[in-house]
Amino acid sequence: MKIFTAEQIRNWDQFTISHEPISSIQLMERASMAVANWISEHCKSHKKIAVFCGAGNNGGDGLAVSRILYQKGFDVEIFVRDPKSKFSADASVNLKRLRDFSGISVRKFNDVDEYHFDEKTIIVDALFGTGLSRPLEGNYKELVEQLNLKSNTRISIDVPSGMLSDSVSEAGAVVMKADYTLSFQCWKRSFLHPETGKYTGKTIILDIGLDKKYSEITETEYIVIDDPLIDSVFRARDEFSHKGNYGKVAIAGGSYGKIGAVVLATKSALRAGAGLTFTLAPDCGYEILQTSCPEAMFIKGGEALIEEFKFDADMVCGIGPGLGTHAETGKSLIDFLKNYSQPLVLDADALNIISQKQSNIELIPKRSIITPHPKEFERLFGSTKNSFERLELARKKAKELNIYIVLKDHHTQIVSPEGKVYYNITGNAGLAKGGSGDILTGVLTSLLAQGYSQEHACIFGVWLHGKAADFSIKKHSKESMLPTDVIDEFGQVFEDVNKRTVKYL
């Protein structure tokens, strides 16, 4: 799914109006109906709705939603700054339509102090949409601050009021803290970054029937990974294939006390489908690896740490899990990279070793994949003010170095050398445990060995990793879920994708 800027979304509305044809007020009605239907379906135990409307088209949506919910049997109260103030043309139409419904009252923001918010009251935020370009001020700021203190469920229409669609708000800006955001047609970038996404609650994308042609012909560098993209990337297995068709993986890592990390990476490489899997690790990990991963083959790398990196030419390497940053291991890795040119996957301590000297970054082989978390990224490339700036720096570095950067975060971003950004929306806070990144290293290396391109390996691998975690929390919860539990769910993810993409009678 493509992500468009606020300006592109406004153009999409106009494109739809001119090509269907449909009027702007009819399009507003369509969007409002989608919102009202979602609320009606998911809030059946709530009958009291307080809708806060601005004077623009987002407020017009709120006015129309109020009317539709009232017709569905909800007790609706509307709050506006001043019923006599100037509204947008479409909002004015919907305000006039309310005159036919004596059961709906329109109050001023000042009346909110007298309104009884019982525990069943839902607050609907329709103050400002994607057109907002500055922080909330005056009455609007005070109102949002007041509503944020309420314990009631808050639902924002399109975007939480006070949030900018395409960037982070300035420090101290007031934003509605929504429990749900019902947004139209596509994701907004601000939903996907930690500084701003924390305000959206659970994001629901409602299809309001905007013209598909616009999405097809309009370019954007930002994309959300969704099922159609995964289905186009996935490579189903040929029934007449053999292990030689699915590549050789070499996972290099581990050190005394950190063998578990390389075990996790090895297990995930196996579960992700590699034909043959080898593990280069210190001798102290031999029995552990042979016992826990009997399907993998062991390559001795030293006594307590890896003293030499040695791989066959046809192996695809993933280096870093539990590697440690001992000076001897660091020297061996840098010497290896000086003489190695094939794309590989670098994570964890491999990145920490590289970051010890800026010139080491140039040794990363072209078209390789690196998977830094925010601190590792900072060590490699420097600090940034926020995640938006970090992403733009990653785009710059991916292009300069001709590599793929997987920025691990709540919504992990995949950055290609061509400047494309893919946001992943699978996964959950259960992955916030040591070992989760090691699993991802194994998956990415395995997919590369199986013949996926770097871009497709990143897209499918990051999605698979998160999707398995989503299955896992159903059994274990976010708190108790383990990285090994995530690996155990790979099979269910592959089964689901096969069902969607492989044609059987």
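A salt bridge is a side-chain nitrogen of Lys or Arg within 4 Å of a carboxyl oxygen of Asp or Glu. The model examined here is predicted, so local features need pLDDT of at least 70 and side-chain atom pairs count only at pLDDT 80 or more, while totals for chains, interfaces and linings use all residues. Residues are numbered from 1 along each chain as its sequence is written, and side-chain values use heavy atoms, leaving out hydrogens and water.

The structure holds 23 salt bridges. K397 pairs with E400, with the closest N and O atoms 3.4 Å apart. Both lie in helix α14, 3 residues apart, about one turn of the helix. Helices (H or I, at least four residues) and strands (E, at least two) are DSSP runs, numbered from the N terminus. E400 is partly exposed at 46% relative accessibility; buried means under 20% relative accessible area, exposed over 50%, and partly exposed in between (1.4 Å probe, protein chains only).

D409 forms a salt bridge with R390, the closest N and O atoms being 3.0 Å apart. This pair links distant parts of the chain: D409 sits in the loop between β15 (404-407) and β16 (413-415), and R390 in helix α14 (residues 387-401). D409 is partly exposed, at 25%. R390 is buried, at 13%.

I3 is found in the segment before α1 (6-19). I3 is buried, with a relative accessible area of 2%. Beyond its neighbours within four places in sequence, its contacts (heavy atoms within 4.5 Å) include W187, L192 and Y423. The C-alpha atoms of I3 and E219 are separated by 9.6 Å, although 216 residues apart along the chain.
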